[in-house]
Structures are given as C-alpha cells and as structure tokens.
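This report describes selected local features of one model. The sequence and the structure come first, and the notes follow.

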Amino acid sequence: MYSAKMPDGFLWGGAVAAHQLEGAWNVDGKGMSIADVMTVGSATKPREITDGVIEGKNYPNHSAIDFYHHYKEDIKLMAEMGFKAFRTSIAWTRIFPNGDDKEPNEAGLKFYDDLFATCHHYGIEPVVTLSHFEIPFNLVKKYNGFTNRKLIDFFVRFATVCFKRYKDSVKYWMTFNEIDNQSAYNEDFLMATNSGIILNNLSEKEKEAAMYQAAHYELVASALAVKVGHKINPDFEIGCMINYSPVRPLTSSSADVLLADKFEQRRSWFSDVHVFGEYPKEVEAYINRNGYRSDITDEDRIVLKEGTVDYVGFSYYQTTTVSAKNVEPDKLNDLSKAVAKNPTLERSDWGWEIDPEGLRIALNHLTDRYHKPLFIVENGLGAYDKVEADGSIHDDYRVDYLRKHISEMEKAVEIDGVDLMGYLPWGPIDLVSAGTGQMDKRYGFIYVAKNDAGEGDLSRSRKDSFDWYKKVIKTNGLDL
Ligand code: BGP
C-alpha cells in the first residue's frame, strides 16, 4: 500500500456538526432549529420533517450523544489519538435562538468559549462551520428560509458575532456546509437542510426556481461574511464547503460524456461563485433561459467578487456515474435524475459507493479548477458495529476504508503536488446520522453506547480503529 509522510503542520483530526452530537436542544436559551423537527428514519425510510415538535415522535437530535455535557471527556479522547484539528459547527440557534433576534444569547456564546478553550488546551485547532444544516426554525416558518433576501442580514449578523467573539480562538472557518447538495432540489430533506425551505406542494419548476434564488442569497451572504471576517482578523482562513463527487460517464458515448460535463457544470457552479466571485457561463445561460434568480443586483455581483474564499473545503464519500439513458444532456435539471449505478464499485450498507481512487481524482480536479489550497473536511464509512462480550469492537472494515482513502490522498499530495491543508474524517465519535437520523449508522473511532431506539448509557469506548488512527497521526501518515 502506497504511503507518504504529509507536510509539517498537516491538520489530522475529525469533523462533526453541532446538531448531530450536542443534544441539549432546548438548554441554556437554545432555540429550535430545522434539525430539531426531523424524526428518526432508516436506510430505507426517509426522515420526516414535522411542523414544529410533535409530542410522541422520536427526534434523535434533541439529545444526540449529549456532547454539550460530555465535550471535555470527548475532546480528551480525540487528543489521545493525537488530533491536530477538530471541525464542528456553531449551532446558529444557541447564538440567535430565533435567527432574527437583535441580541445574541450569552450562554450559547459561552459554551463555545469553553469548547474552543478545551481544544486549545490539547493543542487542537478548532475548524468551524457557520451553517451546517441547523438553520433556526423560526426563519424557516416566518421567512421561508433563504428564499427571502432578509436571510442575508440574519446570517451576516450571526457570522459577525461569531468572528468577533472567537477572533483569537478560531482561525479556520467555513460558511455553508455542502451548499451544492440542493442541486437535487426535488429532495425535501436537502432543501430544508441547505436553505431552510419547506417545499410543500410546489411544482418542479417552482422548486428549481426557489433553489437558484436561495443559493444566490447564500452565496452573497457567504461573500459578505468573508469580507467582514477578514476585517475582524486578517489571519482568518475562510473557506467554502462542498460535497464533491467527481462525475464520470457510464459509457464512452458522446451523450454520456456530455451529460457528465453538464452535470459537473450544474454541480460545481456553487464553488465556482465562491472561488471566482462570478457565475460560470453555462449556469448563467441556463438561469437566464429559465427565468430563475430574478433578484440579483449589481451590488450583489460586486460583493461576490470581493468576498471570495481562501480555500476549498470539501467532503468526499463517493463518485457519481451518469447515464444519458436516464436523462438527455440538454434536459438535465434535477441532478439526481442522471445518476446510474456504477457496476464496478462495492457499496456500503446504506448503498453509498466505495471508491478510494475517486478521492485522488477529486483532489486533482479541484486543484486544476481552483488553484486554491484544499481541505478534506469529511470522508468516512457509515457502518453497523458489533460490540463483543468483552466490550471490544473490531471495525477492520472501517480501517480498510480509511486506509485506502488516505493512501490515495497521499498520492495526490506527494505525486500530484496537491496543496492540502488537512484530513478530517467524518464522525470521529459516533453521532446522529444527518441523512437517516440513526445512531446505528456509525463512523466513529470512539463508540457511543446508544442505538436507533435511543437506548444506551452514552458511555464512550475505543474501537480498534482508535489505535490505528492514532498510529497514522503519530507517523504523519507514513504508517497506514
Ligand atoms: C454529509 C454531512 C454530514 C454527515 C455526513 C454523513 O453530507 O455534511 O452532516 O452527516 O454527510 O452522512 P450521514 O450522516 O447521512 O451518514
């Protein structure tokens, strides 16, 4: 297996999001977020998004793994693995419970003071996402989320308060998590988590229109935040965050190849705007042809140019294969319609294709496209774990997955010259799945005793992968 030492200062660690592990959903002044109205689902049953919290339903994020009260113990375990960085999000509703409040909630701000201080105590650099699928529910109900221009101000106010408060404790930031997920705009879950939009009975055209307008406001909000952040602390590194999945044609036919190109254009424009400060030609033409994004001002265009990001953060889970048998290239709209099964790849128990070489391809594509430092801020395998009678957990499948991906990452850095800031695999400690709301879809090196039904004493223990990852970090990637 290929391996290489990573450059000095490489940020090894892990990534989580507030709503998926903190719990304490209504404690110390926290408001209700979109994640708080999502029920538990399964590999085959989608999560339900309810109109507020309905008694008797199971909302797994309400208590999650209670990181809010266990963070000291949890960060200590991550320090034991040698983490250099820890990515989390700041729950918007801990700081602005309703999103449109005038003043922030001090108790929420204080929680993150303590969390970041704990990280620094162990020499762990916090990496912070501002908006990770946890928009205040009040903004969803009252304004229909990011379909409303007012959301730009609310987001920028939130970002400004965070930048000022954590000016000296956080250097690495990201604005919107996986902003490009909404390119599959027929998925209620993706529109709700990305943009706080409840689709109800909109027509397909109306959904697509809502997505292009909302994403535009998010990109303007992100650019304004980048500008403000750099004023508050010029040393801040503020990135975007996309769910990058290199796309390939199912066959070598021109129709499949053109479809793959169109797919890439229609998925990568979010990060194109983040990085270049302007819309790419193909998407601008598509938007104009369809009459979408009616509200874009000259000032917006200037802001986008002025607030470009410092680096490209991305999650990598799988590649995407497309077939023109599913949709003709010129009819491509909702990207999910083009996707075909790749016959050469294995799948996880949740049907996610496993493709380690795809990570090297992703790193090369993004480098060629953006010429910016890259940061892998998610990667990993969701799997069922078995606890043995003596409490041990032999998760060799997880080690195998991560080892192969890290090896490909190291080729990209060492052989291809990619400028990579770090590697933060998803869920170093078991947490609530975003997609299904399950606890039993596990990513962690650290096991948490809690299952899908919510049973368990929340005790933490080390899986076999814990010691393996510790060794990888200790040798700076050489010993896989
Ligand atoms: C990404 C999200 C994360 C995370 C991860 C794994 O899309 O940014 O929040 O949860 O995917 O997905 P899941 O939790 O559905 O397994």
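## Strand S1

In this predicted model, strand S1 is covered on both faces: Leu-11, Gly-13 and Ala-15 are buried on one side, and Trp-12 and Gly-14 are buried on the other. In a regular strand, side chains alternate between the two faces of the sheet. The count for S1 is five buried residues of five.

S1 pairs with two strands. It runs parallel to strand S13 (residues 420–423), to which two bridges join it, and Leu-11 has Gly-422 as its bridge partner in S13. S1 also runs parallel to S2, and three bridges join these strands. Here Gly-13 is partnered with Ala-85 of S2.

## Helix H2

Helix H2 spans residues 67–80 and bends by about 40° at Glu-73. Its buried residues are Phe-67, Tyr-68, Asp-74, Ile-75 and Met-78. In an α-helix there are 3.6 residues a turn, so residues three or four places apart point the same way.

Which elements are included in the cover over the buried residues of H2? Among them are strand S1 (11–15) and strand S2 (85–89). Helix H1 (18–21), helix H4 (106–121) and strand S15 (460–462) also belong to this cover. Just after H2, Gly-82 adopts a positive phi of about 95°.

## Surroundings of the ligand

The ligand is surrounded by 13 residues, and the closest are Ala-17, Gly-382, Ser-433, Ala-434 and Gly-435. By residue class, the shell around the ligand holds three nonpolar, seven polar and three charged residues.

## Gly-99

Gly-99 is located in the loop between helix H3 (92–95) and H4.

When residues up to four places away in sequence are not counted, Gly-99 touches Trp-92, Pro-136, Asn-138, Leu-139 and Phe-154. Asp-180 lies 81 residues from Gly-99 along the chain, and a distance of 23 Å separates the C-alpha atoms of Gly-99 and Asp-180.

How values were computed
Residues numbered from 1 in each chain as written. Predicted model: local features only at pLDDT ≥ 70, side-chain atom pairs only at ≥ 80, totals over all residues. Bend = angle between axes of the 7 residues up to and from the residue. Helix = DSSP H or I, 4+ residues; strand = E, 2+ residues; numbered from the N terminus. Buried ≥ 20, exposed ≤ 12 C-beta atoms within 10 Å, placed from the backbone. Contact = placed C-beta atoms within 7 Å. Near = placed C-beta within 6 Å. Nonpolar A, V, L, I, M, F, W, Y, C, P; charged D, E, K, R; others polar. Pairing = 2+ DSSP bridges.
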